[in-house]
Amino acid sequence: QVRLVESGGGLVQAGGSLRLSCVASGSIFSVSLMGWYRQAPGKQRELVATITSSDTTNYADSVKGRFTISKDNAKNMVYLQMNSLKPEDTAVYYCRMVWRFDTWGQGTQVTVSS
């Protein structure tokens with residue numbers, strides 16, 4: 001069974017940076033989409049950024065110009081570089097990979113202090 005494991009979350013001051021990583025354990029093939037989503041307390045889960053198999057990216061308006069999504073197909077990994085972090089970026093961040101199955105990670109906490 002394939003699992004997604006996120007890492008790189010933590011506590012950072014406003015204006016700082018973090019880099020999230022997500023790796024798929026086990027072999028996956030023909031991944032059509034990789035992405036990052038987040039859920040803040042009391043709010044619904046929302047899209048942060050996605051990247052397709054053809055490297056087309058999509059970002060939430062709130063993170064455009066600050067966050068960058070990238071991937072390493074050979075390693076089955078997806079990354080999220082987060083710069084100029086704001087307190088409103090505080091949330092649990094989840095990675096997602098869509099292949100034969102739609103698979104989600106368990107999440108990693110990102111906390112941005114003001």
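The structure is a predicted model, in which local features need pLDDT of at least 70 and side-chain atom pairs count only at pLDDT 80 or more, while totals for chains, interfaces and linings use all residues. Residues are numbered from 1 along each chain as its sequence is written, and side-chain values use heavy atoms, with hydrogens and water left out.

The secondary structure comprises zero helices and 11 strands, where helices (H or I, at least four residues) and strands (E, at least two) are DSSP runs numbered from the N terminus. Read from the N terminus on, the order of elements is β-β-β-β-β-β-β-β-β-β-β. The C-alpha atoms occupy a box of roughly 40 × 25 × 25 Å along the principal axes. The radius of gyration of the protein is 13 Å, which agrees with the value near 13 Å for a compact globule of 114 residues; this radius is taken over C-alpha atoms, and the globule rule is 2.2 Å times the number of residues to the power 0.38.

Of the 114 residues, 44% are buried. Buried means under 20% relative accessible area, exposed means over 50%, and partly exposed lies in between (1.4 Å probe, protein chains only). The accessible surface comes to about 6,200 Å², and carbon and sulfur atoms account for 47% of this area; accessible areas come from the Shrake-Rupley method with a 1.4 Å probe, and for residues only the protein chains shown count as cover. Among contacts with a separation of 6 or more, 51% join residues 24 or more positions apart, a contact being heavy atoms within 4.5 Å.

The largest nonpolar core contains 30 residues. Such a core is a set of buried Ala, Val, Leu, Ile, Met, Phe, Trp, Tyr and Cys residues joined through side-chain atoms within 4.5 Å. The residues with the most contacts inside this core are Trp36, Val78, Leu80, Met82, Tyr93 and Met97. Two or more residues each are given to the core by S3, strand S4 (33-39), strand S5 (46-52), strand S7 (67-72), strand S8 (77-82), S9 and strand S11 (108-113). When residues up to four places away in sequence are not counted, the partners of Met97 include Leu4, Cys22, Ala24, Ile28, Val78 and Asp102.

One disulfide is present, a disulfide being a pair of cysteine sulfur atoms within 2.5 Å. The bond joins Cys22 and Cys95, whose sulfur atoms are 1.9 Å apart. Cys22 belongs to strand S3 (residues 18-25) and Cys95 to strand S9 (residues 91-98), so the pair ties together parts that are 73 residues apart in sequence. Cys22 counts as buried because its relative accessibility is 0%, and Cys95 is likewise buried at 0%.

Leu18 also lies in strand S3. With 14% relative accessibility, Leu18 counts as buried. Beyond four places in sequence, Leu18 touches residues including Gly8, Val12, Leu80, Met82 and Val110. In strand S5, Thr50 is buried at 7% relative accessibility. Leaving aside neighbours within four places in sequence, the contacts of Thr50 are Leu33, Met34, Gly35, Tyr37, Thr56, Thr57, Asn58 and Ile69.

Six salt bridges are found in the structure, each defined as a side-chain nitrogen of Lys or Arg within 4 Å of a carboxyl oxygen of Asp or Glu. Asp89 and Arg38 form one of them, with the closest N and O atoms 3.0 Å apart. Asp89 is located in the loop between S8 and S9 and Arg38 in strand S4, so the bridge ties together parts that are 51 residues apart in sequence. Both residues, Asp89 and Arg38, are buried. A network of salt bridges links Arg38, Glu46, Arg66 and Asp89. Asp102 and Arg96 meet in a further salt bridge, at 2.8 Å from N to O. Asp102 is partly exposed, with a relative accessible area of 43%, whereas Arg96 is buried at 18%. Lys64 pairs with Asp61 in a salt bridge whose closest N and O atoms are 3.1 Å apart; Asp61 is exposed, at 64% relative accessibility.
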